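I opened my notebook to look up how one protein chain is put together.

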Amino acid sequence: MAFFQNTRKPEGLGGKLMVTMMNHGHASLSAFGLQHIAIQENASCLDLGCGGGANVKKLLARSPQGHVTGLDYSEVSVAKSRKCNAAAIEAGRCEIVLGNVMDLPFPDDAFHVATAFETIYFWPNLAQAFAQVFRVLKPNGLFLLCNEASGADAKGAKWASLIEGMRVYSSEDLRRLLWQAGFSNLKMSENPKGWLCIVAEKKATPQPKQPL
């Protein structure tokens with residue numbers, strides 16, 4: 001396996017190195033994204049594609065009386081994330097689950113907040129995945145997604161050419177797909193680096209879907 005293929009699904013020794021690099025390399029992106037969302041102290045949070053678990057730890061800090069679940073389909077990522085958050089797991093405040101975003105192993109209306117940092121590029125069917133996220137969020141729940149590549153420059157296309165199964169979505173692509181899944185009150189932000197942050201809400205009263 002080419003080393004950068006581990007950004008999609010970390011495996012083996014290269015995957016272990018990759019998740020460690022992700023924990024450090026994505027710190028600025030997660031800080032950029034988390035400043036756009038308010039998280040209650042007792043919130044139940046879900047981090048999708050949790051990688052090495054650094055963002056799970058940040059969510060635990062933001063919800064000190066709450067619970068955070070991390071999900072990843074890579075056994076390497078799950079192991080690293082569990083190690084990173086061992087104290088919170090022991091305290092019953094955290095769970096790291098091996099699973100797939102295409103069929104989330106959680107009941108309806110389970111979480112106040114769902115996050116996805118630098119991961120949706122690799123979800124094979126974004127419409128289905130967003131529908132799953134919508135299902136497991138509580139009414140008035142929030143979905144935060146953050147990408148370093150927004151399709152606005154050649155950077156994303158370059159990485160997509162190197163990593164099999166990677167697709168970079170524009171802000172308009174994501175707006176349309178989130179609306180189709182039922183989300184509303186979308187708030188989009190980009191920084192000078194081209195990083196994209198979107199916060200979408202699952203309204204307690206279903207909203208009419210925006211025309212395409």
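**Ground rules.** I am reading a predicted model, where local features need pLDDT of at least 70, side-chain atom pairs count only at pLDDT 80 or more, and totals for chains, interfaces and linings use all residues. Residues are numbered from 1 along each chain as its sequence is written, and side-chain values use heavy atoms, with hydrogens and water left out.

**Whole chain.** I looked up the secondary structure and found 8 helices and 7 strands. Helices (H or I, at least four residues) and strands (E, at least two) are DSSP runs, numbered from the N terminus. How much of the chain is buried? Buried residues make up 50% of the 212 residues. Buried means under 20% relative accessible area, exposed over 50%, and partly exposed in between (1.4 Å probe, protein chains only). Next I looked up contacts, meaning heavy atoms within 4.5 Å. Among contacts between residues at least 6 apart in sequence, 71% join residues at least 24 apart.

**H2 and H3.** Helix H2 covers residues 27-34, and helix H3 covers residues 54-62. Their axes come within 11 Å and cross at roughly 35°. Axes are lines fitted to C-alpha atoms, for helices over the stretch in contact, and angles run from 0 to 180 degrees between N-to-C directions. H2 passes H3 in a right-handed crossing. A crossing is right-handed if the near helix is turned clockwise from the far one by less than a right angle, and left-handed if anticlockwise. Which residues meet? From H2 I noted Ala27, Ser30, Ala31 and Leu34; from H3, Asn55, Lys58, Leu59 and Arg62. By class, this contact has 4 nonpolar, 2 polar and 2 charged residues. Ala, Val, Leu, Ile, Met, Phe, Trp, Tyr, Cys and Pro count as nonpolar, Asp, Glu, Lys and Arg as charged, and the others, Gly among them, as polar.

I also checked burial in H2: Leu29, Ser30, Phe32, Gly33 and Leu34 are buried. The buried residues of H2 pack against H3 and against strands S4 (111-117), S5 (137-147), S6 (184-190) and S7 (196-202).

**H6 and H8.** The axes of H6 (residues 126-136) and H8 (residues 171-181) come within 9 Å and cross at roughly 50°. H6 and H8 are therefore oblique to each other. Angles under 35 degrees count as roughly parallel, over 145 as roughly antiparallel, 65 to 115 as roughly perpendicular and the rest as oblique. H6 passes H8 in a right-handed crossing. Leu126, Ala127, Phe130, Ala131 and Phe134 in H6 meet Leu174, Leu177, Leu178 and Ala181 in H8. The residues of this contact divide into 9 nonpolar, no polar and no charged.

**Threonine 115.** Buried or exposed? Threonine 115 is buried, with a relative accessible area of 0%. Threonine 115 lies in strand S4. Leaving aside neighbours within four places in sequence, threonine 115 touches Leu46, Asp47, Leu48, Leu59, Phe143 and Leu144.

**Isoleucine 89.** This residue sits in helix H5 (residues 86-90). Isoleucine 89 counts as partly exposed because its relative accessibility is 30%.

**Cysteines.** How many disulfides are there? My search of the whole structure finds 0 disulfides, a disulfide being a pair of cysteine sulfur atoms within 2.5 Å. Cysteine 197 is in no disulfide; the nearest cysteine sulfur, in cysteine 146, is 3.9 Å away. Cysteine 197 counts as buried at 1% relative accessibility.
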